[in-house]
Amino acid sequence: MKVYKKANADDLLKQTKNHRSHQGTLNEKLDQEHIEDEDHNHDLDHGHDHSHASDASVFELFKPAIISFAFLISGILFDYVFHFPWFQGWLRLVWYLAAYLPVGYPVLKDALKSISRGNFFSEFFLMGIATIGAFAIGEYPEGVAVMLFYSVGEAFQTMAVSRAKANIKSLLDQRPDEATVLRNGKPELIKAELVQVGDIVQLKPGEKLALDGKLLTESGSFNTAALTGESKPDSKIKGDPVLAGMINLQTLSEVEITSVYEDSKLSKILEMVQHASTQKAPTELFISKFAKIYTPIVVFLAIGIVLIPYFFVADYVFQDWLYRALIFLVVSCPCALVISIPLGYFGGIGAASRHGILVKGGNFLDTLAAVKHVVMDKTGTMTEGVFKVNEVKFDPSADQAQILDYVNEIESKSTHPVATAIHEYVGDVKGHLNLNQVEEIAGHGLKANIEGKEVLVGNFKLLDQHQVAYPHADKEIVYTTIAVAVDRKYIGYITIADKIKEGADETIRALHAEGIKVTMLSGDKTTVVNEVAKLLKIDSAYGDLLPEGKVEKLKEVKAIDKIVAFVGDGVNDAPVVALSDVGIAMGGLGSDATIETADVVIQDDRPIKIPMSIKIGRKTKKIVWQNIGLAFAVKAIVLILGAGGIATMWEAVFADVGVALLAILNAVRIQRTDFNEDFNKK
């Protein structure tokens, strides 16, 4: 999934148009991408296929470790408990080799593969020379133990990665491969990829919709969990959009398909989430680069531990110093870092997805965690964006019905929510009027010639622009006001009311509790914006802003608070989204472009998801840095003790595999966290 950052608006929209191709079968790509990504991150050349965890039983996953453990324990009993005289020489070696090979052979094989690809200093190489070295000096049990615990760590890692991907897999399961299409009035089951725009799909109760469309049946009830994370029923009426992944809950429904299979909202969501792991956080990128430098340095230090003491230590014993060097190598494996850190970010993306928040990569989780100021649009973010006509006040001498027909006819040429409100109030456009020369003036309104008269419909800035006089008191009306003038004569106004969203006040309180300032920008009139800001206790608010005005205000905010998030629709506010550090889009279900252009998409329009997304980002970053601190602290201690001859191979095993397991378990915590507990569940 492309990330557009800090481009101009034209470049932004070009990128949006270019991002239309659906790339192959999503299930196959998800697995393949994970294998490649794991290959890249786990010491930069990880050969194991961790995608099989969901297909293999836990027993199969741990079978090599179980076999190895059985041989190891019995060997230790023969060696140190029963002291069997026959358990020595070649028989003892063969017994411990039988314990070593089930867990050691795959690692040695991966080491050779890694070397063949040019990555000589991989973790497999480190584990290989450390354990082979242990066998060379006769420390068979310790050599087996190192590889055994490494294998167990790998198995737990596989399970953790599989769990982290469970949300995406469940999303994939929500999209059926087949659909029932009505052909000549008869139902026919066909592949979903073959369904065309305009086809009528029949949906039985309990069935999932495979493609986007509009409801033809009078009414219906749908489960939208695949898209929003909310399982409560969503009622639809005839003509309403219904989306792929929705489950029909009640009566037999018919849906007219409006987009092909690969262009459905769910397909775009899946494509976005499956590419999220390719957008690396700065911490991930640093650790990957660090491992490339760190690992060869450690190998040469280990060689130095073996050879340098020869020149300075009087009672130098090669075997003792080799043992210390082997401990050093085992401890030095960067498993805990290169496994748990990407897993932590992936867990954060999965946790957000489970709560109906789609984050396009670990880099945006990091940015969310650092946000100091949230700038938001008003309409559709803090308010419903569903306008209703509140009052019509025209000059008594004017023909009110005729003026309303004029306004309705002109507004029919606009897609603004105000146009919908007027249409709902006045009724269907009659279409008999002679309308021409319609001009939409950005941030002002509409100008047209109708029945030979010049008609202006918009805000008072439009009247000022055309030098139309009007009572100053009308400009101070709190509600959104649509001024009307005919032939440069002021006729009156229509007031439009919008409703504050449920949970908007809690959203602002939650943001303030996180130490985040809030600014609201809107093209709506200043009196309306200030009224909403006052009710919600928003820190600062600005109205009557054109798109370029919003850009200037955001620049002012960024000059004070460096990390700024902008919340809007992701399309009309494209320049502001581009300027912000992270763009959060409300209304992911309503706009194709939103899913493609925003950095974070809140699917169910609930404003409370804004602070929730920030909290998920902060929790993820906290866990990642806990893992980094734990890994470096423990490894540093054991490295020093090992080089000094105090720590044994068993401490080395803990410092490597034990810390990796602890880090993985810590990373998995975020997937178990229910962030709804901290916010209103309405």
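Reply: In this predicted model, the axes of helix α12 (residues 318-332) and helix α25 (residues 649-672) come within 8 Å and cross at roughly 15°. Axes here are lines fitted to C-alpha atoms, for helices over the stretch in contact, with angles running from 0 to 180 degrees between N-to-C directions. Helices are DSSP runs of H or I with at least four residues, numbered from the N terminus. That angle makes α12 roughly parallel to α25, a label for angles under 35 degrees. As for handedness, α12 goes past α25 in a right-handed crossing, that is, the near helix is turned clockwise from the far one by less than a right angle.

Now for who touches whom. On the α12 side, Tyr323, Leu326, Ile327, Val330 and Val331 make the contact, and α25 brings Met649, Ala652, Val653, Ala655 and Asp656; contact means heavy atoms within 4.5 Å. Sorted by type, the residues of this contact come out as 9 nonpolar, no polar and 1 charged. Ala, Val, Leu, Ile, Met, Phe, Trp, Tyr, Cys and Pro count as nonpolar, Asp, Glu, Lys and Arg as charged, and the others, Gly among them, as polar.

A word on the ground rules: local features need pLDDT of at least 70, side-chain atom pairs count only at pLDDT 80 or more, and totals for chains, interfaces and linings use all residues. Residues are numbered from 1 along each chain as its sequence is written, and side-chain values use heavy atoms, with hydrogens and water left out.

Terms used
Helices (H or I, at least four residues) and strands (E, at least two) are DSSP runs, numbered from the N terminus. Angles under 35 degrees count as roughly parallel, over 145 as roughly antiparallel, 65 to 115 as roughly perpendicular and the rest as oblique.
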